[in-house]
Amino acid sequence: MTTAAIDIMSYFTEENIRFWLEKFRSLGPLPGILLTFMKSFVPPLPTLLIVGVNGAVYGLWAGFLYSWIGMVLGCTVTFLIVREIGKSAFVEKWARKPRVQRSMVWIRRNAFSYVFLLSIFPVGPFVIINVAAGIARMRLLSFLLAVGFGKGIMIFSVTYIGSNVEQFLEHPIRWIGVILFIAISLWASRKLERHFTRSNSDQDEGHSLHQASGKSISSSSK
């Protein structure tokens, strides 16, 4: 990440986000929706912080709704753009490679679970999820359901904390649950990524063994 990008990201502090949300409060839900919408296009944006401040500024239910709308819209737009780009001749040629096709088969078979589970986590490879689903040509309805439910669970949890931040400050022991939730999310996210990688590796090995056995039979028949 360049120095300029780091400087921009460092600007997104709780105080600054709260200031701008309050400043443009007259625009209604648009500022809160726009911030979470941008997350799909600017991955380094602090999701937990933005969603939490939305809850603190707009309240539990409004903050949850605005964050959910913005994030689901951002994910869907990214997904549709990638899916449209996937129709190009270059991507079609790339997708015909055996290794890529095997990966796409895995994603298509497990698309809903893959998107849903990773959408629940407050931290993780959000953009990669949308891109992978788009390249794999996941059905739009399935994608919307998976992202909608997954993000809903995650955003409500974070918004609840943001809208009750004073209580968390008065009772610091409550932060133990938050830290555990984030830690478990990171661990589970990495486990899923490793499982995805291992599954593809096993498929590659099985395919290679199948090819090797096929060649052996063909040689012996000759």
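Start by selecting Ile 50: this residue is buried, with a relative accessible area of 1%. Buried here means under 20% relative accessible area, with exposed over 50% and partly exposed in between (1.4 Å probe, protein chains only). Bear in mind that this is a predicted model, where local features need pLDDT of at least 70 and side-chain atom pairs count only at pLDDT 80 or more, while totals for chains, interfaces and linings use all residues. Residues are numbered from 1 along each chain as its sequence is written, and side-chain values use heavy atoms, leaving out hydrogens and water.

Ile 50 sits in helix 4. Helices are DSSP runs of H or I with at least four residues, strands are runs of E with at least two, and both are numbered from the N terminus. Now show what surrounds Ile 50: leaving aside residues up to four places away in sequence, it touches Ile 17, Leu 35, Thr 36 and Leu 45. Touching means contact, that is, heavy atoms within 4.5 Å.

Next, select helix 3, residues 30–38. Its buried residues are Pro 31, Gly 32, Ile 33, Leu 35 and Thr 36, and they pack against helix 2 (14–23), helix 4 (47–58) and helix 5 (60–85).

How do helix 3 and helix 4 pack? Their axes are 10 Å apart, at an angle of about 170°. The two are therefore roughly antiparallel, a label for angles over 145 degrees. Pro 31, Gly 32, Leu 35 and Thr 36 of helix 3 meet Ile 50, Val 51, Asn 54 and Tyr 58 of helix 4.

Rings of Phe, Tyr and Trp (its six-membered ring) pair if their centres lie within 6.5 Å; planes under 30 degrees apart count as stacked, over 60 as edge-to-face and the rest as tilted. The whole structure holds eight aromatic pairs.

Phe 79 belongs to helix 5 and Phe 143 to helix 9 (residues 140–163), 64 residues apart.

Last stop: Phe 19, Trp 20 and Phe 24, a cluster linked by ring pairs.

Methods
Axes fitted to C-alpha atoms, helices over the stretch in contact; angles between N-to-C directions. Parallel < 35°, antiparallel > 145°, perpendicular 65-115°, else oblique.
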